[in-house]
Structure formats: C-alpha cells, structure tokens
Amino acid sequence: MESCYFALVGLLLACSTQAGKQDAQIIGGHQVVNHSRPYMAFLESDSKQFLCDGFLIQSQWVMTAAHCRPPRNLRVLLVLGVELRRDASNHLWDIVNFYPHPHYNSTTSENDIMLIQLNAPVPYDKTVQPVKLPQRDKEIPSTAACSSAGWGRTKTNVKPSMSLQETKVNVVPRKVCKHIYKGKITNNMMCAGNKKHNACMGDSGSPLVCDGVAEGVVSFGRKKCGTSSDDPTVYTQISRYLPWIHKVIKSAS
C-alpha cells in the first residue's frame, strides 16, 4: 500500500511504501467564493515555490502538519488573505518559529501537527480571520457537515491549483478507516472523503472544517486519488492536542 509525501528537503515529490506523509489535492471540488475561508494560509519559499497549506487559529499562530516543516536553510514565508496564489506578494508574513509536535513520527505519521508563530499579530479584516478549534477529545459524527480546502492538485499528475479549491467531504468512522489502512490509524487520527470528494496531493496541512470548526489537519492518504480508490484522507484529530497547543502558545508569549 503505497502513499506519497512532499519532501521539503530538495523540494521534490517522493513516494514511500510506509504509512507516510502525503500531500493532498481537492477532488470533486470548486473554486471558493472570495474571502469565504479567511483562515486559509499557505507556505511558500522565498523563491515563490508552493510548499504546504495551513490555517490561522490566533492572530499570531498558524496550524499545519508536522511533515511540512522546512529544512533549516530554507527561508519560508506565510501567505494569508488570498484565494489566488499569484496575489501572494502583498500578503506575506515572516515566521518566528516552527513548533512541530515533539513526538511526531515521520514513519507512522503519528502526531502530525505543527504550530507556526508569526513575527507579529495579524490584523483581522474580511480577508483574514481565525477558525475555531474544537472541544477537547470531541468525536465527530459521520453526519457532520464537513469540508476540505486547499491549493493542491485537482487531478493526479497535474500542477497544484493557482486558486483555492473546496469540496464537501463525509467523515469515515474510525473503525472503517482502520480496516482500510490496516495498522496505520490511531485514536489521534480521523478520516474523511472518498474517490469523488476528497483531499489528496498538494494540500498537506489543510484543515478539515466541520460546522465551522477545524477538526483535523490533512496528514496522509493514498498515492492516487480521485480514480478507482475510494480510500479516505487521514487527518490528525485536533481535539486530541488542545493541551499541547495551549502550552506552546503560552510558553512562547
């Protein structure tokens, strides 16, 4: 069972036979209405290469996946308040520090979550607003109204999208997901999507938003999406990490 991930070292796409990191694309979606997702962010290198997605949770804090951490010699900027990647130049923010979860495991993708501290608080307006975080250890029912968004690919083997895309997705019960990804799904993960509506390559770090609350962070999935595979995308479940999130933010203040 192969999965793909976006290796920031060398900025190359790579494949792994392990339960690895996979960038996600939006399958079966459409371009968002302008400023309808004011929390969305993305990381790009100073050479304007797209790296990963993320989302604003407080005025000086963005959440993404731990596997999106760049190599130390790569300068990375964060973009907020845009739907089109070509508009990034006027919406750049410097990053003070990256805080990947201390127990992130790159082999199993356990604890695939990271906080990014910006150099200054972001002023809120209609283009930039944080998304709500969930209650601690809250489980999401399969009936929840969820969606995923990002600038990733809209089909396999095409370039990442220049415009922010979104799609509605259904939560897959953890028991079902554990059967699909045998031995890879833990209680700190949740699953959503299918072959018609899903996240797949290019959107690692994007949020799974259910009823206006960010419940998950895109972590990994199958190598091919939107084809014959009905396998869901795997998300890090944010509600499991609230104590760690609050600790990091408080200690950095």
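This is a predicted model: local features need pLDDT of at least 70, side-chain atom pairs count only at pLDDT 80 or more; totals for chains, interfaces and linings use all residues.
Local features require a pLDDT of at least 70 and side-chain atom pairs count only at pLDDT 80 or more, whereas totals for chains, interfaces and linings use all residues. Residues are numbered from 1 along each chain as its sequence is written, and side-chain values use heavy atoms, with hydrogens and water left out.

The chain contains two helices and 18 strands, taken as DSSP runs numbered from the N terminus (helices, H or I, at least four residues; strands, E, at least two). Of its 253 residues, 55% are buried, where buried denotes under 20% relative accessible area, exposed over 50%, and partly exposed in between (1.4 Å probe, protein chains only). The accessible surface amounts to about 11200 Å², with 50% belonging to carbon and sulfur atoms; areas come from the Shrake-Rupley method with a 1.4 Å probe, and for residues only the protein chains shown count as cover. Among contacts (heavy atoms within 4.5 Å) between residues at least 6 apart in sequence, 70% join residues at least 24 apart.

Six strands form a closed barrel in the order E5-E6-E7-E10-E9-E8, with antiparallel pairing; two strands pair if DSSP finds at least two bridges between them. The twist from one strand to the next averages 40°, with axes fitted as lines to C-alpha atoms, for helices over the stretch in contact, and angles running from 0 to 180 degrees between N-to-C directions. Strands E7 (residues 61–64) and E10 (residues 114–118) are antiparallel and share four bridges, and Trp61 has Gln117 of E10 as its bridge partner. Helix H2 (residues 242–252) lies across E6, E7, E9 and E10, at about 25° to E10.

Strand E8 is largely enclosed by the rest of the structure, because five of its five residues are buried. Val76, Leu78 and Leu80 are buried on one side of E8, and Leu77 and Val79 on the other. Five bridges connect E8 to E5 in antiparallel fashion, with Ala41 opposite Leu80. Antiparallel pairing of E8 with E9 involves three bridges, and Leu77 is partnered there by Asp94.

The largest nonpolar core comprises 47 residues, and Phe55, Met63, Leu78, Leu115 and Ile245 have the most contacts inside it. Such a core is a set of buried Ala, Val, Leu, Ile, Met, Phe, Trp, Tyr and Cys residues joined through side-chain atoms within 4.5 Å. The largest share of this core, six residues, is supplied by E6. Beyond four places in sequence, Leu78 touches residues including Phe42, Val62, Trp93 and Ile116. A second, separate core of 11 residues includes Ala144, Val171, Met190 and Ala192.

Three disulfides are found, each a pair of cysteine sulfur atoms within 2.5 Å. Cys52 and Cys68 are linked at an S to S distance of 2.1 Å; Cys52 belongs to strand E6 and Cys68 to the loop between E7 and E8, 16 residues apart. This link of Cys52 and Cys68 is left-handed, with -75° about the S-S bond. The sulfur atoms of Cys146 and Cys210 lie 2.0 Å apart, and a torsion of about 105° makes that disulfide right-handed. Because Cys146 lies in strand E11 and Cys210 in strand E16, the pair ties together parts 64 residues apart in sequence. Cys177 and Cys191 are joined at 1.9 Å, and both are buried.
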